Amino acid sequence: MELDMVELVYDHPIQYKHEATKNAIEIANELFFTDMSTKEKDTQFCLCKKWQYSKFFLINQDGSIPLLTSNANDLSIREREHLKMAGFVLLCWKEEMNKLQQLWAWLMVNRFVSSSYCTQKKQRYVNHKCKKGETVKIPSNEVILEEKKKRIEVLCRAVGVPETKKSIIINKLCDGEFKHYVLTYDNILKMTAILFSIRSNLPTVLMGETGCGKTALIKYLACATDTELEAVDIHGGIDKTHIYEIVKKCTERLKPMAHIIKSKRRKYQCNSKEIWLFLDEFNTSPDIGWFNELICNRSLDGIKIPEEIKILAACNPYRERKLSAQDKVWSEKDRLAKYVYRVLPLCETVKTYLWQFGSLPDLDERQYILEMIKNRKKELKGSLQTEFDNEAPFIVEQICKSQEFVRVKLQDVAIVSLRDVDRCLKIFVWLVNTYFANTLDIRQCLVISVGICYYYRLNSKERREYVKVITTKDIHFLKILEKERDKCCKNSCFEGDIVYLEILGTSKTLSFQILKDNMCQSEIENFRKKD
Ligand SMILES: Nc1ncnc2c1ncn2[C@@H]1O[C@H](COP(=O)(O)OP(=O)(O)OP(=O)(O)O)[C@@H](O)[C@H]1O
Ligand SMILES: [Mg+2]
């Protein structure tokens, strides 16, 4: 939509209505009449991509104009002023990305993570000169929180949070479960697009690589829209009976809300009136055809579910991976082993409703990792927290390096994800809480955790290269790791049998395979599976 539309909106409303309708039809055409097979390689939401590179308005159901997305270079200063006066929020992708890139470059070089630096100096920003001569503005914690609130405000406007609820919702999104959620502008657009789809009563299916933030995003959006979310992790052990029971429970919960549902006036405001049933990782279930009916037709064995239960679903892509000779032997016995994810192919109807998340952009991943690390601090014993603060920059750096190395070497974006980061941090926290001061220091704990999560996944040549990348002046990575491995081998009690508990969907086969591959390759012999 062109800029003179701003005047058009106010001075010529009928003409504006025509223009807006024309744009809506264009977007609809693009979204729903594109051949899905051509979209497969598209790693971004196609709608968001369009928003990022065009000038146009998003209009709420109540007629307010909450947000304008734009590439700054397309607008003159005068035009920007004009838009600000008209109450638009201006998002400029290039500027945002540049700012982030500079900041991260600086953080990585200086091993500096939090903005405690500015806080000490009691300044909102500290100007720092990089080696290349560029000046980077490092924001204080106060500025970071303000920026976060500004973004949440944009999100609230985009999803139409009523003024009366705004402050409660902003507080919820800044603290507790969501304290460490990084709300990028890209996430705001994705949430807006998803909400459009839910409000249009369309099936909403998110597809993306593991750990790219699908589940976290839906949870955040549900909180922002004040909607009840019933999230179900689908796996082999969840069958029809479970889903029937869950739908029944949701229907029961909806009954007391019936009077609100009838009130049309509140139809598009925040929703105490609907429940989102989120079927996470539904393509892991052998009942995929049945889930297809629930998602696309909104019915269970032919019986419609209440309209107020909105169905959302998430899944990982179904694609083959590169197999090593050893993998090929393994995959003969296990038909899903040749795929990147242990999932089943989607039905054609579901494919029509896919929102492609693709993989996480590098800069976003770094921000998420940083927040994930900060989030773990509270799990450490009190006295260790200060120590942890000092080492946080080092931890970020080592984990980011490991993610990048494994991804490049194993040539697949999905080979590592935030799930690996999460795993690595879990091990790290456990090691620190159990062994710190006794036998290991913080850096040694980190070496062992990245060793387990990254190093042991590589072949011997890759391991040598990885060690070069990860070793620092004061930390001899391999020495620490080998010492721990030897200790572990000496104390191990693998002489007897290992019995796995028969709990469905808990990755028993996979964990056995990992254990077996690594133990057989190294010092422990005779570790074999007896069927
Ligand atoms: N915007 C974000 N800010 C901070 N951390 C995030 C963000 N998005 C995701 N994460 C973190 O990344 C990890 C993986 O996210 P999430 O579980 O949402 O991914 P997913 O796409 O659902 O993965 P999967 O396909 O494996 O289910 C979580 O630990 C989550 O806390
Ligand atoms: Mg998930």
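**Helix packing and ligand surroundings in the predicted model**

In the packing of helix α8 (residues 141-159) against helix α9 (residues 163-174), contact (heavy atoms within 4.5 Å) is made by Lys148, Lys149, Ile152, Glu153, Cys156 and Arg157 of α8 with Lys166, Ile169, Ile170, Leu173 and Cys174 of α9. These residues divide into six nonpolar, no polar and five charged, where Ala, Val, Leu, Ile, Met, Phe, Trp, Tyr, Cys and Pro count as nonpolar, Asp, Glu, Lys and Arg as charged, and the others, Gly among them, as polar. The model is predicted, and local features need pLDDT of at least 70, while side-chain atom pairs count only at pLDDT 80 or more and totals for chains, interfaces and linings use all residues. Residues are numbered from 1 along each chain as its sequence is written, chains are lettered from A and ligands numbered from 1 in the order in which they are written, and side-chain values use heavy atoms, with hydrogens and water left out.

The axes of α8 and α9 lie 10 Å apart, and the helices pack at an angle of about 130°, which makes α8 oblique to α9. Angles under 35 degrees count as roughly parallel, over 145 as roughly antiparallel, 65 to 115 as roughly perpendicular and the rest as oblique. The crossing of these two helices is right-handed.

Helix α18 (residues 384-409) and helix α20 (residues 442-453) have axes that come within 10 Å and cross at roughly 25°, so that α18 is roughly parallel to α20. On the side of α18, the contact involves Glu387, Phe388, Glu391, Phe394, Ile395, Gln398, Ile399 and Ser402, and on the side of α20 it involves Ile442, Arg443, Leu446 and Val450. By class, this contact of α18 with α20 comprises seven nonpolar, two polar and three charged residues.

Helix α18 also packs with helix α21 (residues 460-470), at an angle of about 150° and with the axes 10 Å apart; the two helices are therefore roughly antiparallel to each other. Here Gln398, Lys401, Ser402, Phe405 and Lys409 of α18 meet Glu462, Glu465, Tyr466, Val469 and Ile470 of α21, a set that divides into four nonpolar, two polar and four charged residues.

Around ligand 1 there are 18 residues (each with a heavy atom within 4 Å), and Val182, Thr210, Lys214, Thr215 and Glu281 come nearest. An oxygen atom of ligand 1 lies 2.3 Å from an N or O atom in the side chain of Thr210, and an oxygen atom of the ligand is 2.7 Å from an N or O atom in the side chain of Lys214. For Gly211, a polar backbone atom is 2.8 Å from an oxygen atom of ligand 1.

Key: Axes fitted to C-alpha atoms, helices over the stretch in contact; angles between N-to-C directions. Helix = DSSP H or I, 4+ residues; strand = E, 2+ residues; numbered from the N terminus. Polar contact = N/O pair within 3.5 Å; in protein donor to acceptor, adjacent residues only side chain to side chain. Left-handed = near helix turned anticlockwise from the far one by under 90°.
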